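Biologist: I would like to learn how to read a model like this one. Please take me through the features in turn.

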Amino acid sequence: MRTHLKRKEVDDVLGGKEAWANVDKIDTACPKCDFRKAYFRQLQIRSADEPMTTFYKCCECAHQWRECNFALGVRYRFYRIQ
Ligand SMILES: [Zn+2]
């Protein structure tokens with residue numbers, strides 16, 4: 001699922017009541033509790049030049065974090081949203 005959004009809209013998406021409804025789960029370790037399942041959403045912020053950002057929400061503790069995937073496979077993980 002790729003969606004083009006501005007940052008304000010991203011905030012709305014992540015903060016909205018339906019933000020995490022009907023999203024897929026992925027096998028990844030939560031940085032907070034180490035649980036191995038998390039919901040995930042991918043958003044392209046502003047332009048195609050910017051990296052794809054993947055937002056995660058832990059299925060166990062509801063902690064949220066995100067990762068940016070740049071070209072050449074470089075990945076940055078942010079442990080907190082904002
Ligand atoms: Zn967790």
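Modeller: Start with burial. A residue is buried if 20 or more other C-beta atoms lie within 10 Å of its own, exposed if 12 or fewer, and partly exposed in between, with C-beta atoms placed from the backbone. Buried residues make up 11% of the 82 residues in the protein chain. Bear in mind that this is a predicted model: local features need pLDDT of at least 70, side-chain atom pairs count only at pLDDT 80 or more, and totals for chains, interfaces and linings use all residues. Numbering runs from 1 along each chain as its sequence is written.

Biologist: How many helices and strands are in the protein chain?

Modeller: Helices (H or I, at least four residues) and strands (E, at least two) are DSSP runs, numbered from the N terminus. The protein chain has one helix and six strands. Along the sequence, their pattern is β-α-β-β-β-β-β.

Biologist: Which way do S4 and S5 run, parallel or antiparallel?

Modeller: Two strands pair if DSSP finds at least two bridges between them. Strand S4 (residues 52–58) and strand S5 (residues 64–69) are joined by six bridges and run antiparallel. Lysine 57 has glutamine 64 in S5 as its bridge partner. Threonine 53 is bridged to cysteine 68, also in S5. The two strands form a hairpin, with five residues between them.

Biologist: What is the phi of alanine 62?

Modeller: The general idea is that most residues other than glycine have a negative phi. Alanine 62 has a positive phi, near 70°. This residue is in the loop between S4 and S5. Alanine 62 counts as partly exposed because it has 13 C-beta neighbours inside 10 Å. Look at aspartate 34 as well: its phi is positive and near 70°. Aspartate 34 is in the loop between S2 and S3. With 10 C-beta neighbours inside 10 Å, aspartate 34 counts as exposed.

Biologist: Which residues make up the largest nonpolar core?

Modeller: In soluble globular proteins, nonpolar side chains tend to be buried together. A nonpolar core is a set of buried Ala, Val, Leu, Ile, Met, Phe, Trp, Tyr and Cys residues joined through C-beta atoms within 7 Å. Here the largest has five residues: Cys30, Ala38, Phe55, Tyr56 and Cys58. S4 gives the most to this core, with three residues.

Biologist: What does alanine 38 touch?

Modeller: Two residues are in contact if their C-beta atoms, placed from the backbone, lie within 7 Å. Leave out residues up to four places away in sequence, and alanine 38 touches Lys25, Ile26, Thr28, Cys30, Tyr56, Lys57, Cys58 and Cys59. For the protein chain, take contacts between residues at least 6 apart in sequence: 34% of them join residues at least 24 apart.

Biologist: Where does arginine 36 lie?

Modeller: Arginine 36 is in the loop between strand S2 (24–27) and strand S3 (37–45). Its 13 C-beta neighbours inside 10 Å are why arginine 36 counts as partly exposed. Beyond its neighbours within four places in sequence, arginine 36 is in contact with Asp27 and Ala29. The C-alpha atoms of arginine 36 and cysteine 58 are 8.2 Å apart, with the two residues 22 apart along the chain.

Biologist: And where is the place of alanine 19?

Modeller: Find the loop between helix H1 (7–15) and S2; alanine 19 is there. Alanine 19 has 15 C-beta neighbours inside 10 Å, so it counts as partly exposed. From its C-alpha atom to that of arginine 41, 22 residues apart along the chain, the separation is 9.2 Å.
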